[in-house]
Amino acid sequence: MRFKKQKRHRKTVRFFCVCFGFRQPFKVLCDGTFVHHLLHNDLTPADKALSNCLSAPVKLFTTSCVLAELKKLGAAQSASFQAARKLAIARCDHEKVVSADACIAEVIGENNSEHFFVATQDADLRKKLQKVPNVPLIFGLRNALFLEQPSKFQRDFVKSSEEKRLHLTEKEYKALEKRTTSVPANADEEDSGDEEGLGHHNPGLQPHNTRNYLGKERDVKDRVRFKRKKAKGPNPLSVKKKKSHENLNRASGKEVKGDDGNGENKRKRKRSRRGKTVAGADV
């Protein structure tokens, strides 16, 4: 069960990293309810518990409005207030103190430009943030932390954005339409200029990188032309050296010196060995 939960969390983290550009160390925005849950269930230190949940290093944040709300609750939440004060403060720009859920919703905004993970025990706030495309949510259940899977709205948003990338925008379509109409017109002008004479065609006024294509190649960009590999000779170190004529003459000269003056070669006498007589064979 624990292995399946970690696998599910890693899959969710990968979804937000690939689709929305989340990067390590992850920034986690905590509210007062989540800090109280960590202390009540003895999930300390908080950064270690969250890093185990996300399988990555984390940085914990809160807002000044959350601290003010915990302070108003008095001695009942004094421990939570002291623990929340140790977290980094995310900028909320509120002149007057507002509720914690409203403050967090405003910090996240419509796009979550700061790429915050939101950790809260408030179910209403989680439902509200599920309608924001790139907001991963963390909540606690007893002595365990869970990362919510992407909502249906978030998955549909990713699919629609991927489909938009595949199609041309209106500006790109108009630019492409102008380019396709201008290329044949320029080609007709060049053909007419060639027929009238060289007076209308001044190659010196053309830009340096322009190329005139004929036939099908007019509407196509410069193609990559691969160089064919030429046949190379054999490796000179692996080839056997040829024998020169001088070496052949020297070898023939040595054979001549071994001959007699009459030009006839001496025949070597062959020694024949007789068989040994056996002892006691005398007649």
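# Side-chain contacts in a predicted model

Visitor: Which parts does the pair of E114 and K27 tie together?

Guide: E114 lies in the loop between α6 (100–108) and β4, and K27 lies in strand β1, so the pair joins parts that are 87 residues apart in sequence. Helices (H or I, at least four residues) and strands (E, at least two) are DSSP runs, numbered from the N terminus.

Visitor: How many salt bridges are there?

Guide: The count comes to four. Among them is E148 with R126, whose closest N and O atoms are 2.9 Å apart. E148 sits in the loop between β6 (144–147) and α8 (152–166), and R126 in helix α7 (residues 123–129), 22 residues apart.

Visitor: Is R126 buried or exposed?

Guide: R126 is buried, at 15% relative accessible area. Buried means under 20%, exposed over 50%, and partly exposed in between (1.4 Å probe, protein chains only). R126 also lies over the face of F139, 4.7 Å from the ring centre; the rule asks for NZ of Lys or CZ of Arg within 6 Å of the ring centre and within 35 degrees of the ring normal.

Visitor: Turning to aromatics, how many pairs are found?

Guide: The whole structure gives nine aromatic pairs. Rings of Phe, Tyr and Trp (its six-membered ring) pair if their centres lie within 6.5 Å; planes under 30 degrees apart count as stacked, over 60 as edge-to-face and the rest as tilted.

Visitor: What about F26 and F117?

Guide: Their ring centres are 5.1 Å apart and their planes at 50°, so the pair is tilted. F26 belongs to strand β1 (residues 26–30) and F117 to strand β4 (residues 116–119), 91 residues apart in sequence.

Visitor: And how many disulfides?

Guide: The structure has zero disulfides, a disulfide being a pair of cysteine sulfur atoms within 2.5 Å. For C19, the closest cysteine sulfur is in C17, at 9.6 Å, too far for a bond.

Notes:
Residues numbered from 1 in each chain as written. Predicted model: local features only at pLDDT ≥ 70, side-chain atom pairs only at ≥ 80, totals over all residues. Heavy atoms only, no water. Salt bridge = Lys/Arg side-chain N within 4 Å of Asp/Glu carboxyl O.
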